[in-house]
Amino acid sequence: MPCWSKPMKRVTIAVDQSTTTTKVYLIDETGGLVDESSKAHRKYYPQPGWVEHDPVEIWDNVKTCVRDLMDRHRNEVAVDSICLTNQRETVVAWDREGMPFYRAIVWQCARSNALCKAMIRQGHEPMVVAKTGLKIDPYFSATKMKWIVDHVDCDTDCLHFGTMDSWLLYKLTKGAIHATDHTNASRTLLYNVSTNAWDDELCALFGIDRQWLPEIRCSDEVFGMSDVDGILADPVPIRGVMGDSQAAFFAQRCTNEYDMKMTLGTGSSIMMNVSTLQPQINGLVNVLAYCLKDERAYGVEGIVNCNGESLNWACEDMDWFESYGELDDALFERKTEVLFVPALTGLSIPYWNPMAKGMFVGVDRQSEPRDFLLGVIRGVVCQLCDALACFEPTSKPIHVDGGLSKNPHIMQLLADLSGRIIEVSHHPDLSAMGAWLASSKKKDFARETIVFEPKMALPVREAWLARYHRAIDCALMMANVKKGEREPWNENTI
């Protein structure tokens with residue numbers, strides 16, 4: 001009797017390299033998740049306001065996750081391709097052999113704040129805004145690159161700069177490909193959104209030689225071939241590369257004007273589809289939403305620095321809770337006036353003040369750790385409402401994804417305080433699915449959603465937000481205290 005073997009399931013390896021974790025998925029031809037593996041990496045804070053990652057550790061984590069999946073499924077799946085999505089704006093500098101000159105400088109890092117202030121005082125920001133759609137701010141990549149050039153001993157003859165996608169592409173292809181996609185390039189302050197190319201005037205302004213920068217390609221192009229350092233039996237094409245926020249936007253199918261999505265990660269990105277690039281208003285920045293060979297979309301974006309990161313801090317550093325299952329009915333029913341300003345890495349939209357610090361208000365003798373935890377959650381949600389208020393009003397639901405969206409209490413509070421309809425996509429990773437859509441050229445995939453409608457009375461909502469804005473005023477006032485006035489506090493003299 002003949003022995004018939006079961007046909008192999010054809011899959012794509014989807015890498016999602018985020019701010020806290022590297023996640024790798026096996027995705028089948030219909031968009032179904034076959035399996036996943038993840039590994040967190042260490043975060044370094046060498047000085048106040050500085051944030052770094054080890055790019056070698058991140059590359060090792062990619063390989064570990066791929067190896068883990070292949071060990072489990074090697075005899076069941078045939079890998080067709082690799083797609084990649086990544087934390088945006090984070091900068092890596094490496095040599096021709098693929099060795100980093102310095103740790104990765106993370107998008108949260110504020111070390112280039114003084115440089116940004118100096119460039120704004122010198123009158124450069126109008127030109128930068130006109131060409132990039134972005135502000136001069138430590139959040140974006142170019143000032144991080146300039147800091148490395150000015151402070152790190154790099155061999156400029158073999159210097160390679162890139163965001164995390166470029167670094168991983170270089171390692172995946174064993175140094176054969178130094179490339180990025182348009183969405184990641186557009187977040188550097190070196191990319192002209194009108195010409196869709198690196199801009200000589202911008203490069204000169206930030207002191208960056210174009211030969212150090214990667215080639216720019218459309219997200220659905222083939223970026224190279226990889227066997228993931230020998231883990232796969234044969235090399236497969238890398239196709240589908242996109243910054244994580246744009247990838248989630250693409251996966252949410254925000255293809256019509258005024259479609260909006262909100263990705264709640266370590267930081268958060270709120271993005272609205274617009275037909276053309278628009279003048280900046282209310283602290284929003286212009287964004288290249290996605291760029292395929294035959295399709296392109298623009299948007300406006302509100303950036304929030306420290307949402308999930310505030311909860312990470314409350315969990316990992318303050319020990320106020322151990323698991324997200326503790327964010328339950330009992331917590332949200334507590335009566336407390338404690339409220340947190342989530343400025344652990346400064347304030348972004350609409351304030352754009354990297355010097356602001358987090359602070360609690362409403363603390364009394366009876367305040368307990370659970371009150372502080374609830375104060376953090378409320379502050380995070382109020383901060384998201386501040387960002388949403390910067391966008392043109394629309395009756396369309398806001399498509400929400402990311403870690404915080406998994407908690408129904410937080411989502412109901414967001415609907416109540418924003419007055420918006422919140423539609424949550426129950427899918428483990430829409431950023432990975434956006435990269436998969438670009439790679440596979442499929443139109444969509446199956447997912448479940450749940451809708452939260454606002455229930456809070458308007459006067460109550462307005463009172464909540466007014467109190468939060470008074471707390472913000474206090475944080476901004478302290479951020480504007482002159483340096484000399486802060487020094488005694490730094491020296492612990494009082």
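1. Fourteen residues line the largest cavity, and D137, Y139, N305, T345 and P354 lie nearest its centre; a cavity is here a set of points, on a 1 Å grid over the protein atoms alone, where a 1.4 Å probe fits but cannot get out, and lining residues have an atom within 4 Å of a point. About 100 Å³ of space lies in this largest cavity, where a volume is the space filled by probe spheres set on the grid points, which are joined across faces, edges and corners. By class, its lining has eight nonpolar, five polar and one charged residues, with Ala, Val, Leu, Ile, Met, Phe, Trp, Tyr, Cys and Pro counted as nonpolar, Asp, Glu, Lys and Arg as charged, and the others, Gly among them, as polar.

2. This is a predicted model, in which local features need pLDDT of at least 70 and side-chain atom pairs count only at pLDDT 80 or more, while totals for chains, interfaces and linings use all residues. Residues are numbered from 1 along each chain as its sequence is written, and side-chain values use heavy atoms, with hydrogens and water left out.

3. The count of cavities of 30 Å³ or more comes to two. The second largest cavity has a volume of about 40 Å³, and its lining includes M145, T180, W198 and P214. The elements giving two or more residues to this lining are β8 (160–163) and α6 (182–185); helices (H or I, at least four residues) and strands (E, at least two) are DSSP runs, numbered from the N terminus. The lining residues of the second largest cavity divide into four nonpolar, six polar and no charged.

4. The second largest pocket, a pocket being an open set with protein on both sides within 12 Å along at least five of seven lines, has a volume of about 1000 Å³. It is lined by 42 residues, of which K23, L264, G265, T266 and G403 lie nearest its centre, and the lining comprises ten nonpolar, 22 polar and ten charged residues.

5. Strand β16 (residues 268–274) has seven of its seven residues buried, that is, under 20% relative accessible area with a 1.4 Å probe and protein chains only. Both faces are covered, with S268, I270, M272 and V274 on one side and S269, M271 and N273 on the other. β15 (residues 260–264) pairs with β16 in the antiparallel sense over five bridges, pairing requiring at least two bridges found by DSSP, and the two strands form a hairpin with three residues between them. S268 is the bridge partner of L264 and, towards β18, of V304; β16 and β18 (residues 296–304) are antiparallel over seven bridges.

6. A six-stranded open sheet of mixed pairing has the order β3-β2-β1-β5-β14-β13. β3 (33–40) and β13 (222–226) stand at the edges with a single partner strand each, so one side of each is left without a neighbour in the sheet. Strand β2 (residues 21–28) is joined to β3 by seven bridges, in the antiparallel sense, and T22 has K39 as its bridge partner in β3.

7. In helix α12 (residues 408–418), nine of the eleven residues are buried, among them I410, M411, Q412 and L413. N407 caps the N-terminal end of α12, with a side-chain oxygen 2.9 Å from the backbone nitrogen of H409, and the helix is followed by G419, whose phi is positive, near 70°.

Note on methods:
Buried < 20%, exposed > 50% of the residue type's maximum accessible area, 1.4 Å probe, protein only. Polar contact = N/O pair within 3.5 Å; in protein donor to acceptor, adjacent residues only side chain to side chain.
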